[in-house]
Amino acid sequence: MRPFIKKFVFNSSSSSSSDDDVEDILLLEAERLSLEMSRGSTSRDRRLYINRGSIQGHNRLFNDYFAENPVYPHDRFRRRFRMSRDLFLRIQEAVEAHDPYFRQKRNAAGKLGLSPLQKITASLRMLAYGVTADFMDEYVRIGESTAIASLKKFTRAIISIFGSEYLRSPNSNDIARLLEIGENRGFPGMLGSIDCMHWKWKNCPSAWKGMYTGHIHEPTLILEAIASYDLWIWHAFFGMPGALNDINVLDRSNVFSELTQGRAPAVNFHVNGNQYSMGYYLADGIYPSWATFVKTIPAPQNNKTKHFVRCQESARKDVERAFGVLQARFAIVRGPARYLETDTLNDIMIACVVLHNMIVEDERHLHPQLDNNTYEDIEEGPPPPAVTHDHTPEFQDFINRHIGIRDRDVHSQLQLDLVEHLWNIHSLT
């Protein structure tokens with residue numbers, strides 16, 4: 001490749017000294033280009049290799065947190081990894097067995113690559129701190145592209161391994177516990193509270209910004225969730241554009257799919273002498289007046305309704321607290337989302353919800369005032385109806401259940417019964 005020599009144009013009246021200066025400049029330029037070419041600095045530079053010392057990085061990470069006598073105690077591990085060391089090691093073992101990507105291997109030159117500790121630590125730190133991919137390079141000794149790949153594979157592995165257990169619908173045992181707690185709080189039949197959270201999408205494609213921009217005036221993605229008293233998230237539906245409201249998201253979510261299909265466990269309870277056969281969720285005023293929702297009363301006029309409003313709004317804060325704890329534990333869902341693919345954002349959000357529930361279960365013994373029961377027993381629901389060519393009875397049952405969920409009369413009656421029930425409890429105390 002011949003070096004490119006700049007051409008200089010001078011007037012014919014230039015002196016001989018100017019000609020000498022031009023020759024000197026041309027010689028210097030030629031020497032500079034020749035030197036750059038000899039060093040390989042051309043338009044097609046080779047990729048720069050950085051010897052990060054991955055083995056030393058693994059040893060430092062192991063000695064700091066995972067050795068028999070680590071440098072940092074357990075409370076520092078809990079603060080920086082957002083979970084206990086036992087839970088982290090359980091996750092590492094499962095992820096390493098599930099995906100060969102996280103196993104330490106040798107490359108073609110026989111050199112050891114990154115360890116599972118390094119890849120999983122980088123992924124968890126990115127979720128917990130919301131930092132960019134190259135932020136972990138200095139300590140974990142992992143490249144930016146490798147950190148991004150580890151994060152994507154880690155979130156998919158978490159959902160695949162633990163999603164069925166930690167993001168399941170309540171089974172019979174779970175519902176019995178939730179109903180007992182709801183009864184103790186003055187809301188018999190309550191299964192939790194429902195609401196939506198927006199996650200800002202910083203790198204939303206320009207063509208989609210109108211669809212994803214709502215009342216926040218920035219592109220967002222919506223998470224619909226149901227949480228119980230102990231901040232366990234029982235339902236997570238994510239990915240709807242931010243231009244939608246809570247009702248639009250509800251119409252598209254699967255929150256009542258098992259109930260309409262007849263697969264949900266039965267919920268029977270009494271309030272103020274009346275019998276009800278469907279559990280309900282506490283919701284704010286935007287939600288529709290369905291039999292499965294109990295909303296507050298706008299502008300209460302007497303002591304009974306004012307007391308009901310205070311109790312309802314207090315208990316409904318469970319889902320708000322769950323959102324706050326989720327964002328505090330995983331700053332990546334508190335700050336703006338930086339990835340372009342919606343599938344990646346969905347994996348990140350759902351993985352954070354699954355990890356949140358795992359931490360709630362692991363730390364339940366630290367909060368004995370809530371409940372000492374666990375959600376370990378996974379009970380299968382009733383078997384689905386047998387497939388047959390005669391769909392009329394089953395389809396009619398589906399329609400009846402669908403109508404029953406949206407029954408406004410039952411909603412109004414349940415609200416009145418709860419007002420009386422809470423007032424009677426208040427009068428006795």
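**Rings and their partners**

Mentor: The count comes to 25 aromatic pairs, where rings of Phe, Tyr and Trp (its six-membered ring) pair if their centres lie within 6.5 Å; planes under 30 degrees apart are stacked, over 60 edge-to-face and the rest tilted. This is a predicted model, in which local features need pLDDT of at least 70, side-chain atom pairs count only at pLDDT 80 or more, and totals for chains, interfaces and linings use all residues. Residues are numbered from 1 along each chain as its sequence is written, and side-chain values use heavy atoms, leaving out hydrogens and water.

Trainee: Why is the pair of Phe77 and Phe88 called edge-to-face?
Mentor: Their centres are 5.8 Å apart, within 6.5 Å, and their planes stand at 85°, over 60, so the pair is edge-to-face.

Trainee: What does the pair of Phe77 and Phe88 tie together?
Mentor: Phe77 lies in helix α3 and Phe88 in helix α4 (residues 85-98), so the pair ties together parts eleven residues apart in sequence. A helix here is a DSSP run of H or I with at least four residues, numbered from the N terminus.

Trainee: Are Phe77 and Phe88 buried or exposed?
Mentor: Both are buried, meaning under 20% relative accessible area with a 1.4 Å probe, protein chains only.

Trainee: What makes Lys119 sit over the ring of Tyr101?
Mentor: The charged end of Lys119 is 4.0 Å from the ring centre; the rule asks for NZ of Lys or CZ of Arg within 6 Å of the centre and within 35 degrees of the ring normal. Arg406 likewise lies over the face of Trp290, at 4.2 Å from the ring centre.

Definitions and conventions: Helices (H or I, at least four residues) and strands (E, at least two) are DSSP runs, numbered from the N terminus. Buried means under 20% relative accessible area, exposed over 50%, partly exposed in between (1.4 Å probe, protein chains only).
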